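Some notes on this model follow, for checking against the coordinates. Please read them with the structure open.

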Amino acid sequence: MAKATPSHTHTVSGWAAHDSSGKITPYTFKRRENGVDDVTIRILYCGICHTDLHYVKNDWGITMYPVVPGHEIIGVITKVGSNVKGFKEGDRAGVGCLAATCLDCEYCRSDQENYCQQLQFTYNGIFWDGSVTYGGYSTMIVADHRYVVHVPENLRMEGAAPLLCAGITVFSPMKDHGLVESGGKRIGVVGLGGLGHVAVKFGKAFGHHVTVISRSAGKEWEAKNRLGADEFLVSSDQEQMEAGKRTLDFVLDTVSGEHSLLPILELLKVNGTLFIVGAPNEPLQLPAFPLIFGKRTVKGGIIGGIRETQEMLDLCGKHDITCDVELIRPHQINQALDRLASNNVRYRFVIDIASASSSPL
Ligand code: NAP
Ligand code: ZN
């Protein structure tokens, strides 16, 4: 662990995993003093992304313990640095996955800083001053304002928190493929979890025909009646998958574990695109035949840029889109992570951070 520099004067209460058992316990640590470019945020809510689970369990072999997860952060600004424009004390603010980038490469200069090679994440990253970054399972955060966004006043804060990662991760590929507010396409969403359920909501708000592809038949009623999906295919049902062949223009794959791409690729029309955002531990096998016979494209992407994140939040404000969340208290984080691991969440856990002061840790 990098040593905190002398300017790390804030003592912060948070929750961390200390080894690959992934068990979360209360953890006190230091954050930097608010710098000229920083804002300080009192955290009110933080979503639990499946990426948090990958990190606490060291699924990807890159975790630096102790890790304080959390990159779906919403709160209120309590301090603003002298260089900061556009934010003031009392503003509702959001922080997603980005803590620092080089600010100078072609991607940083074109609002795609999420593809900067020097990108450092909100947790398990190394900030410019050499300190390890700690995420939103904590009571406050100091963030460079260039990675902070405004949260529209009409959105419920707890429902908006997951938009900071789940939301932008599915929005960015939709935008790239001309699917934002354009209507009329047939899109598929594989995996109806945190990311997937937002993708369904976006797809419907933007006027598309949305098909959910899921291994959980029990999610069909909700997918259609609560989230508005038009069709639901159970991925293990060969008849349904057969009937769905060549029906979709674009498919977003949000699956967190190993799965076969072949039947998913076959759902695409000729020239269709499979966009992968899920991050399984093991490499996925890419069969050549469905690419060759369908001139199909497979690509992937990581979250989205900050400008795009603001655009997404503003559109959510316009369409009144928030996530379906289950609110928990900090002492329930371990239980929530266990339920997330066993695919038992509708559709995102969000930690009510402010309740920490009134509940036992
Ligand atoms: P989640 O809430 O757990 O949802 C994932 C869904 O995928 C599950 O609800 C389940 O849906 C399906 N699924 C899980 N394991 C499966 C398996 N082995 N085979 C088939 N289906 C499976 O997770 P999430 O928070 O949405 O995150 C999903 C993935 O995206 C994670 O790997 C996460 O790390 C990654 N992620 C990537 C980015 C990025 O920038 N690219 C950003 C955020 C998250 P059904 O029950 O409907 O099948
Ligand atoms: Zn995430």
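1. N343 comes after helix α10 and has a positive phi, near 60°. This is a predicted model, in which local features need pLDDT of at least 70, side-chain atom pairs count only at pLDDT 80 or more, and totals for chains, interfaces and linings use all residues. Residues are numbered from 1 along each chain as its sequence is written, chains are lettered from A and ligands numbered from 1 in the order in which they are written, and side-chain values use heavy atoms, leaving out hydrogens and water.

2. In α10 (residues 333-341) the buried residues are I333, A336, L337 and L340; buried means under 20% relative accessible area (1.4 Å probe, protein chains only). These residues lie on the same side of α10 because they cover an arc of only 100° around the axis, taken from the directions from the helix axis to the C-beta atoms. Their cover includes β1 (10-17), β2 (24-31), α1 (50-56) and β17 (348-352), with contact meaning heavy atoms within 4.5 Å.

3. Helices α3 (residues 166-176) and α9 (residues 306-319) pack at about 100°, their axes 10 Å apart. α3 is therefore roughly perpendicular to α9, a term for angles of 65 to 115 degrees. The α3 residues G167, I168, F171, S172 and K175 meet E308, T309, E311, M312 and L315 of α9.

4. In strand β8 (residues 140-144), 5 of 5 residues are buried. M140, V142 and D144 are on one side, I141 and A143 on the other. β8 runs antiparallel to β3, joined by 5 bridges; A143 is the bridge partner of V39.

Terms used:
Buried < 20%, exposed > 50% of the residue type's maximum accessible area, 1.4 Å probe, protein only. Helix = DSSP H or I, 4+ residues; strand = E, 2+ residues; numbered from the N terminus. Axes fitted to C-alpha atoms, helices over the stretch in contact; angles between N-to-C directions. Parallel < 35°, antiparallel > 145°, perpendicular 65-115°, else oblique. Pairing = 2+ DSSP bridges.
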